Amino acid sequence: MTVHGLSFPILKKALTWVVFECTDLKSTDHALVADLIPVKAGFNEANWKSLPVPNRGFNAVLEATVHATRYQLTGDEKYLKLIRHYESLASKCGGENEKKSYEIAL
């Protein structure tokens, strides 16, 4: 990969890559701090099939789990409404695993 006349290697197994420009370097006794500005980014086409596919049903189960823990801590009914909302989304967008997770939880 060449950016601004400089060559950068890309790892063979990397899914994606980003080249940053570093500005405002500040060095302290404990750290080197810099602002990073993305210059160029891409993905390794050879690994295209390895890219994760978003799954709204799975994400809905995660959200419902977060709200379930909040409900257990607070007892606030608004979290039950949110859990039901995400259950509906998981049943529409999820597969068998997402649907089973709600059966187990209820």
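In which sense do strand 3 and strand 4 pair, and over how many bridges? Keep that in mind while you load the model, which is a predicted one.

**Stop 1: the whole chain**

Show the protein chain as a cartoon and count the pieces: there are three helices and four strands. For 106 residues, a compact globule would have a radius of gyration near 13 Å, yet the protein chain comes in at 22 Å.

**Stop 2: the hairpin**

Select residues 16-27 for strand 3 and residues 32-43 for strand 4. Here's the answer to the opening question: the two pair in the antiparallel sense, over ten bridges. Together, strand 3 and strand 4 form a hairpin, with four residues between them.

Two pairs of residues are handy landmarks here. Pick Trp-17 and look across to strand 4, where its bridge partner is Gly-42. Then go to Phe-20, which stands opposite Pro-38 in strand 4.

**Stop 3: two helices side by side**

Next, select residues 56-74 (helix 1) and residues 77-93 (helix 2). Two numbers describe a packed helix pair: the angle between the axes and the distance between them. For helix 1 and helix 2, the angle is about 165 degrees and the axes are 8 Å apart. Anything over 145 degrees counts as roughly antiparallel, so that is the label for helix 1 and helix 2. Look at how helix 1 passes helix 2 and you'll find a left-handed crossing.

To see what makes the contact, show side chains on both helices. From helix 1, the residues involved include Arg-56, Ala-60, Ala-64, His-67 and Tyr-71. From helix 2, they include Glu-77, Leu-80, Ile-83, Tyr-86 and Cys-93. Colour the contact by class and you get 13 nonpolar, three polar and four charged residues.

Definitions and conventions
Residues numbered from 1 in each chain as written. Predicted model: local features only at pLDDT ≥ 70, side-chain atom pairs only at ≥ 80, totals over all residues. Heavy atoms only, no water. Axes fitted to C-alpha atoms, helices over the stretch in contact; angles between N-to-C directions. Parallel < 35°, antiparallel > 145°, perpendicular 65-115°, else oblique. Left-handed = near helix turned anticlockwise from the far one by under 90°. Contact = heavy atoms within 4.5 Å. Nonpolar A, V, L, I, M, F, W, Y, C, P; charged D, E, K, R; others polar. Pairing = 2+ DSSP bridges. Rg over C-alpha atoms; globule rule 2.2 N^0.38 Å.
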